[in-house]
Amino acid sequence: MGRALQLARRGLYTTDPNPRVGCVVARDGHVLGEGFHVRAGEPHAEVLALAHAGEAARGATAYVTLEPCSHHGRTPPCVDALLRAGVGRVVAAMTDPNPLVAGRGLERLRVAGVAVAVGLMESQARALNPGFVSRMERGRPWVRVKLAASLDGRTAMACGESRWITDEAARRDVQFLRARASAILTGMGTVRADDPRLDVRLSAEALDVDGPVRQPLRVVLDREGRLTAAARLFQTEGPVLVLTDPQVLARQTRDLAHVNAQVEAVTVSRGHLDLPAVMNLLARHQVNELHVEAGPVLCGALLEAGLVDELVLYLAPHLMGATGRGLFDLPLGRMADRVALDISDLRAVGRDWRITARVVGPGAGDEGR
């Protein structure tokens, strides 16, 4: 199963919106075949592993990181392939949270006389697909907020200047986070201040993938309809989704008619786009992992709404002073209101430090509580 998880990770940047899945077919400790899912619409991990094993798969054990699918999607059910191959046993790391599967694949195997076990290295399998699991179980993406700050927690000078807080190594590291995401979210404040592209600038060789690099969906929250076709977002490859107030939808759609933009309306609550509604809409767009690069207002609002699952903070070894801009705009007045974090990783990236943390206190999503 450990090898199957290694294989699954090879699809980290390519399988979206499908989960990353690996499979190993073995007998008596000897690997007979292996495979991993590469892209949506292409063969699943089980099919590739069985093809690799050939006739030797009959009576063998298939170790798969996710319950084999039992429904017709863009490819036939993997359960059918396993039954045709005559495997004697299937070991799945976890049950598929997709309601279309949700145990049905394992049950079909049991009914057909195949021995079934589930739960081996389940936590590692879930950790490999946080977005897919979140979308299936909670109806919203896994939200990862990326931030860069000085050692005294400043994201920009008082005048707004922010390039560059971190060094080149950290900025390159962020590209890998973007590459694994289904979508990148920002707000109009960041678009107006930085005019970002929000694309993946790594080569296929750097990502160790075959074929073209997948560009995530870029999502802009623009309640007032201020985004124009001149933005750098529209000068690079990849789709852009603009979410706006229903009252400005027609105008915004007309203004962006000649660029690669899709404009949709979202409910407005207390003068702002309703963030839970945004997440529900993105889930309908099959967004698994949502990567957020935004200013303190939007990041603070997401945290306050309990929609942030993970923070990735790059700290640069310099000070920017008391007048610089902070990380989050949060109305916290007491020590009891603090947002608790669980640091899962701390490492040097060039001259900077990268902290990865789960939100576990007030402001945490359901998965973080």
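This is a predicted model: local features need pLDDT of at least 70, side-chain atom pairs count only at pLDDT 80 or more; totals for chains, interfaces and linings use all residues.
View 1. Residues are numbered from 1 along each chain as its sequence is written, and side-chain values use heavy atoms, leaving out hydrogens and water.

There is one aromatic pair here, going by rings of Phe, Tyr and Trp (its six-membered ring) with centres within 6.5 Å. The rings of Tyr-13 and Phe-176 have centres 6.3 Å apart and planes at 55°, so they count as tilted (under 30 degrees is stacked, over 60 edge-to-face, the rest tilted). Tyr-13 sits in the loop between α1 (2-9) and β1 (22-27), and Phe-176 in helix α7, 163 residues away. Helices (H or I, at least four residues) and strands (E, at least two) are DSSP runs, numbered from the N terminus.

**View 2. Trp-164 with a charge over its ring.** Look for Trp-164 in the loop between β6 (142-150) and α7 (168-180). Trp-164 is exposed, at 54% relative accessibility. The charged end of Arg-171 sits over the Trp-164 ring, 4.4 Å from its centre (the rule wants NZ of Lys or CZ of Arg within 6 Å of the ring centre and within 35 degrees of the ring normal).

**View 3. The annotated binding site.** The "binding site" annotation in the unreviewed UniProt entry includes Ala-148, Trp-164 and Ala-301. The annotated residues span 154 residues of sequence and spread up to 24.6 Å between C-alpha atoms. UniProt positions follow the numbering used here, with shortened feature names, and annotations may be inferred rather than shown by experiment. Ala-301 lies in helix α12 (residues 296-304) and is partly exposed, at 28% relative accessibility.

Key: Buried means under 20% relative accessible area, exposed over 50%, partly exposed in between (1.4 Å probe, protein chains only).
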